[in-house]
Amino acid sequence: MEFPSQAPRWADNSSGEELSSQMSGISVLFHKDQGITQATQSGDLSYFSDLLLDQIVAAVIKNKEAYNLKPFFSAPLSDPEAILFRQQVMKDIEDHSLRDHLSSFSTAMGEVHRCLAALDRIHSRYHRSGWFLEAVTTYIDALVHLAARLMEAPLASRGLQGFRAYLNDYLSSPIFQTLRAGAADLKQALSRVSYCLLVKDSAIKVSRYEGEEDYTSTVEKVFARFKKDTVREHKFKLLPRPSLNHVDAKILDLVACLYPETFASLEDFAKKHHSFVDDTVAAFDREVQFYIAYLDYIDKFRQRGLPFCYPALTKVPEDVFCQDGFDIALAQRLCEGGQTVVVNDFHLSGPERILVVTGPNQGGKTTFARMFGQIHYLANLGCPVPGRVARLVVFDNIFTHFEKEEEMGDLRGKLKDDLVRIHAILSRATGRSIVIMNEIFTSTTLADAVFLARKIMERIIDLDLICVCVTFIDELSTLSEKTVSMVSTVRPDDPAVRTYKIVRRPSDGLSYAITLAKRYGLTYERLLERIKP
Amino acid sequence: MKVLLMDREQDFDAGAGLADHGEELIQDLALNTLFNAMANGDDFIFSTARSVFLTAHRNSPDTIVYRQNILKDCLRHPTVVRQMYDLAVGLMEGRKRSYWGIFTSYPTSTLSSAVGMLEMYMDYMEKLKNLGDTHARDFVSAGFTRFFTMLRSDLDDTYLVELRRHLRELRFENGVLMSAILGWGNEVTGFTVRKTGEIKGGWWRRWLNQQSPSYTFYIAERDETGAKTIGAIRDRAINPLAEALAQAADHILAFFTTLRTETAFYVGCLNLYERLSRKGEEVCMPVPLPGPARTMRFLSLYDPCLTLTMNEKIIGNDLDGEDRRLFIITGANQGGKSTFLRSIGVSQLMMQCGMFVPALSYTADVCDGIYTHFRRGEDSTIKSGKLDEELGRMNTMADRLTSRSLILFNESFSATNEREGAEIARQIVTALIQRGVKVFFVTHLYPFARDMLTMADQKGLFLRAQRRDDGSRTFRIQEGDPLQTSFGQDVYYEIFGE
């Protein structure tokens, strides 16, 4: 008897065609026949690390390596309709019980693939057919459960509705019905097999079990008198018992002699149904991970009260805003350390296109710029984004210019390097691009920097694209009606304390002296508050 | 089976709920001297005494009286209690000598060492039971009565015989019979050891010859994998038995561990009692009162730690602090103020442990926390200044204080000028007593003491270390309003002899 090797098809292949499942036209990631080729990116994701998207994506797809999800998260969509298609599916899966059901389904499918992949390595024929039967049973249970849950779920998305219809057809097909009935009969028969082993020295005797008394419970009862609630359970960790060797095979063969009919029909079943996993079901299993992975990831932020929302999307860069957004990569670190995450807003209305961020150092300016980029990127993937409410642009590309370490052997010098990189960006950017510049021209005199920055900004203004510019040059914030001034702030009563709030107000360049630190809280009033009455 | 000689409801856990500020308490009240006297060279008694003291703040008046009665039994029959302690110690040492504790992944060997261990434990249980059978009628406290009754009913002879029989059977000299089923993927699994029963002529042979179909195979002599697999199957089957026995052994061990800890405390009390009575010092059983009223009344209270380090008897103090919560102690340098303060803390702790106290009589309400804030010497490890350090300690304490706490200050907040120090002390103490905290404060800060005198009215009591007119000290602390001088010049003259 031969079994096909049924490892997941998507082992590691990120080519375009592989991204969408085409066999039945049923996909929960791509509407119509659209595949990865419609995505905007030409593989240039240099902004990925500047925006810390690499960290975010790595965290999102952690523990889901088997599904090879990275291509999905590396391909923002350019079509508002395609983004909406995903938002709808994602909203359906927001429902925790549905998400749990989908996760259970995936766990089960993973189990099916693991069993099937292992068959080749099993030598005992009754163990092999036993494993095969487990794979079939797991598969059947998973699909039946999933179908029932999907029937109950109030699905609003075209993506999931389509898959539900497909699944129902498949489950009522004769091929599935036969599989199901056969597996159930066999399970029942095998569960009735019971036998005794008498182990003495090197002999094992196998016979039918005939009601001999359980000695363990007798002993437990006798010693129960010493029981104390304060002592924890005594459990020994047994090493996993290698159960697929010749002794087990021999025992199993003898048990088969005790129950010959049961084992004969098991062999027949395995022959008949050797290739049973449906292709569309398998593809769904992978695609739905995109949603589960992302939603599971943002759960931990939501639990801490950090909001996520489904942004409205526009192709025209007007009236772009986000309320209470945050940098996910930073939030991830802060949450792990139990620290508070500060949220920030931005709003570009009317002719406004460019956010110029100034203010004290370590005040959250870079974080703000990263947040702006991350939120747009995630929105274009079709994902909910940090924030309470948002309206964002569908971009054709993101360009970032973050300060780089000076490289040995690069003789151009830092200033020149800055200019070369910015030139490259501006020659490729279009009116639908997003440009994020972080601390440009720090390696020259202020006068030079002002001059160069103005020149660059003028070009950006001409391109009419969306831009965030973090800078120490206050003048840039008042360059044109397209610029908006944002300032990182400190606590009014204690300038040493950063608030990490970036607010919309004129750049004032103020700095404050450090004031008194508060001490031990041992005044009369404070003590009265502190001691519990 | 539970010991319950420290508490009506639960076993004493020497590691749980220790006061966070235990080290400060021990240092400030010189408690190690007391623990050493209790231990009399036994390290375990020392550490138990320490744990009992550092959990004393959690005891209710009921628990305190429960222990007092047990302690009275102990004082009447010291030998029996010491024997119980020795039995518990003996079992623990026997355990250390055996291979127990080296749990392997091989239940077969675990089972056999558990069987051996339990046989040894049974010897000790029988000895303990016999001790109870002989002496139970001499003990009257609720704690001991319950304890001996439990031994009689839980360790009856029939039961002990049955235990011994099972321990023999568990050596499985005739092989292991087990049932099994088919598990996941037809795995041979679900082993349950079955009783073979006694059949004349050897059940193994009889079983081989019975009628229902059976198949036997043998592992070849050189087949190591096969032998290991058989061993693993046997291990799986008897693992629950090994666990059950290990569990039983653990339970018995836990019982004796608790017995050792709880009797250690009483043996410690006996040791201390013998030391003090050899010196002719009086002790009494204190009267613990529940809150919320604040009380502190005693006659001839002395510091036991001090007397243990001196040859002569020391002078006790009297106090009648009915319904007072603030005690300001001022007066002569070297007049016995610190000793007085320590004796307050130590006796309060001893009472709350359930012990006798070093006084002729002693009545006080039970506090849920006993704190000390003593002025410390300069510490090179502390970077911050001295006042900073003091405020830091006070800050930590403030997080723990409740309205049922007792706090002893010894010359606190004087590491700055008098006016500032007094102001800090005034704010802190005013808030503390307003919240109901009981405060003893030894101080030289006259402005503070004077402010308290005008403010505290009925809640306060003012005590002063006595000084005769010739400058000599009586070492007695008596009621008296604060004076502007602490007679430091006396000491100066004493040293410089002018």
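The legends below describe several close-up views of a predicted model.

**View 1. The largest nonpolar core of the predicted model and the residues that touch most of its members.** This core holds 264 residues, and the members that touch the most others are A:Tyr139, A:Leu197, B:Phe147 and B:Phe440. Helix H10 of chain B, which runs over residues 224-278, gives the core its largest share, with 23 residues. Apart from this core lies another one, of 30 residues, which includes A:Leu527, B:Leu326, B:Ala422 and B:Met452. In soluble globular proteins, nonpolar side chains tend to be buried together.

**View 2. The surroundings of A:Tyr139.** When neighbours within four places in sequence are left aside, A:Tyr139 is in contact with A:Met109, A:Val112, A:Tyr170, A:Phe176 and A:Leu179, and also with A:Phe276, A:Val277, A:Asp278 and A:Val281.

**View 3. An open sheet built from strands of chains A and B.** The sheet has 5 strands in the order E2(B)-E1(B)-E1(A)-E2(A)-E3(B), and their pairing is antiparallel. At the edges are E2 of chain B and strand E3 of chain B (214-218), each of which pairs on one side only. From one strand to the next, the twist averages 25°. Where the two chains meet within the sheet, strand E1 of chain A (residues 194-200) and E1(B) pair in the antiparallel sense over 6 bridges. A:Leu198 has B:Leu177 in E1(B) as its bridge partner.

**View 4. Helix H12 of chain A and its bend.** This helix covers residues 279-302, 24 residues in total, and spans 35 Å from its first C-alpha to its last, which is close to the 34 Å expected at 1.5 Å a residue. At A:Gln289, H12(A) bends by about 30°. The helix is mostly covered, with 20 of its 24 residues buried.

**View 5. A mixed sheet of chain A with a helix packed on it.** In chain A, 4 strands form an open sheet in the order E4-E9-E5-E6, with mixed pairing. Strand E4 (312-314) and strand E6 (344-348) of chain A are the edge strands, each pairing on one side only. On average, neighbouring strands of this sheet are turned by 25° against each other, if direction is ignored. Within the sheet, strand E5 (residues 320-325) and strand E9 (residues 389-393) of chain A pair in the antiparallel sense over 3 bridges, and the bridge partner of A:Gln323 in E9(A) is A:Val389. Helix H14 of chain A (residues 365-381) packs on the sheet and touches E4, E5, E6 and E9 of chain A, while its direction makes about 70° with that of E6(A).

View 6. B:Ala30 is partly exposed, with a relative accessible area of 29%, whereas B:Asn186 is buried, with a relative accessible area of 3%.

Definitions and conventions:
Residues are numbered from 1 along each chain as its sequence is written. Chains are lettered from A and ligands numbered from 1 in the order in which they are written. This is a predicted model: local features need pLDDT of at least 70, side-chain atom pairs count only at pLDDT 80 or more; totals for chains, interfaces and linings use all residues. Side-chain values use heavy atoms; hydrogens and water are left out. A nonpolar core is a set of buried Ala, Val, Leu, Ile, Met, Phe, Trp, Tyr and Cys residues joined through side-chain atoms within 4.5 Å. Buried means under 20% relative accessible area, exposed over 50%, partly exposed in between (1.4 Å probe, protein chains only). Contact means heavy atoms within 4.5 Å. Two strands pair if DSSP finds at least two bridges between them. Axes are lines fitted to C-alpha atoms, for helices over the stretch in contact, and angles run from 0 to 180 degrees between N-to-C directions. The expected span of a helix is 1.5 Å times one less than its number of residues. The bend at a residue is the angle between axes fitted to the seven residues ending there and the seven starting there.
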